[in-house]
Amino acid sequence: MRTLLFFYNKTVTSLTQCTLAVYTRKSHTLSRFQFVQHAGGRKHACRQCSSAAAEAEKDSFFKWFLLLIPVSTFGLGTWQVKRRQWKLQLIGDLTRLTTAEPIPLPADPHELNNLEYRRVKVHGRYDHSKELYIMPRSPVDPEREAREAGRITSSGEIGANVITPFHCTDLGITILVNRGYVPRQKIKPETRIKGQVEGDVEVVGIVRLTENRKPFVPSNDVQKNRWHYRDLEAMAQLTGAEPIFIDADFASTVPGGPIGGQTRVTLRNEHMQYIITWYGLCAATSYMWYAKFVKMIKI
């Protein structure tokens, strides 16, 4: 009996130890699983936080980058305002020069470099035997030219400007005078005999300087007497005149002759259109930026 009780107690003790060992191992395994699961959750949460931070940084950069559009268009609009003021002042200065009281023509060509568009007066006589023709030309119409400024082609009748050597009796030199516009059928001198004035006359004109050939403008054909731009050196050499050139004013026109007043002083002035365009774009893009990033409205 005592032996049986000893074996019973030993067996119970062994079972209790085994149960305790299994329980302890199971609890340890469960703790490790929970720790790993918790650590994995923390890693996943960290990855989510990093992704959200990168997305927020990207959105912030995109937001401020897009703000450059309204800022840039506002700057361009303001620049066009200043350009328009400058252009209006330049047009006003040219208008004052071309309507001021005429001064005597300086005999030194170098003095004329600072007198372009200045009104001058000369006294002498024309040499119609050495006429030059700048073509094609249309008669000056300031209102039409303001509308057509910047166009490659223009409307209106096509003809030529008649350039005639003029001997200044008071200065003892010969200059070149743009007598004015003639239509195509009146280019030849024999078709306008009445307008070929003889004797001494007084002419009021506007000083013009030489021109450089612009792109797409043909070269002057000296042999055929077809001039497309003012090359004062070549014109003076051909006619024996000084490289001094004036546009005769409209009052110098004689019946049957070329129509004077062919000085083009109209400058291209489209700055108001640019101002409206740039400021309009600034207003539109500013509203879109405000609605997208401040009001959070889907556009």
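What span should the 32 residues of helix α2 have at 1.5 Å a residue, and how far apart are its end C-alpha atoms? The legends below refer to a predicted model.

**View 1. Helix α2, residues 68-99.** At 1.5 Å a residue, the 32 residues of α2 should span 46 Å. The end C-alpha atoms of the helix lie 47 Å apart, which agrees with that expectation. Buried positions in α2 are P70, T73, G77, Q80, K87, L94 and T98. An α-helix has 3.6 residues a turn, so residues three or four places apart point the same way.

**View 2. The cis peptide bond between M135 and P136.** The peptide bond that joins M135 and P136 is cis, with omega of about -10°. P136 belongs to strand β3, which comprises residues 132-137. Most residues other than glycine have a negative phi, and most peptide bonds are trans.

**View 3. F216 and N225 in the loop between β6 and α4.** The loop that holds F216 runs between β6 (201-208) and α4 (232-239). F216 is not a glycine, yet its phi is positive, at about 75°. With a relative accessible area of 87%, F216 is exposed, because the value is over 50%. N225 is also found in the loop between β6 and α4. The phi of N225 is near 60°, again a positive value in a residue other than glycine. N225 is buried because its relative accessible area of 18% is under 20%.

**View 4. The cysteines C168 and C282.** C168 has 0% relative accessibility and therefore counts as buried. C282 has a relative accessible area of 11%, so this residue is buried as well. A search of the whole structure finds zero disulfides. A disulfide is a covalent bond between the sulfur atoms of two cysteines.

**View 5. The protein chain as context for the close-up views.** The protein chain contains five helices and seven strands. Along the sequence, these elements follow the pattern α-α-β-β-β-α-β-β-β-α-β-α. Of the 299 residues in the protein chain, 30% are buried. Among contacts in the chain with a separation of 6 or more, 68% come from residues 24 or more positions apart. The chain exposes about 20,200 Å², and carbon and sulfur atoms supply 60% of that area.

Technical notes: Residues are numbered from 1 along each chain as its sequence is written. This is a predicted model: local features need pLDDT of at least 70, side-chain atom pairs count only at pLDDT 80 or more; totals for chains, interfaces and linings use all residues. Side-chain values use heavy atoms; hydrogens and water are left out. A disulfide is a pair of cysteine sulfur atoms within 2.5 Å. Buried means under 20% relative accessible area, exposed over 50%, partly exposed in between (1.4 Å probe, protein chains only). Helices (H or I, at least four residues) and strands (E, at least two) are DSSP runs, numbered from the N terminus. The expected span of a helix is 1.5 Å times one less than its number of residues. Contact means heavy atoms within 4.5 Å. Accessible areas come from the Shrake-Rupley method with a 1.4 Å probe; for residues, only the protein chains shown count as cover.
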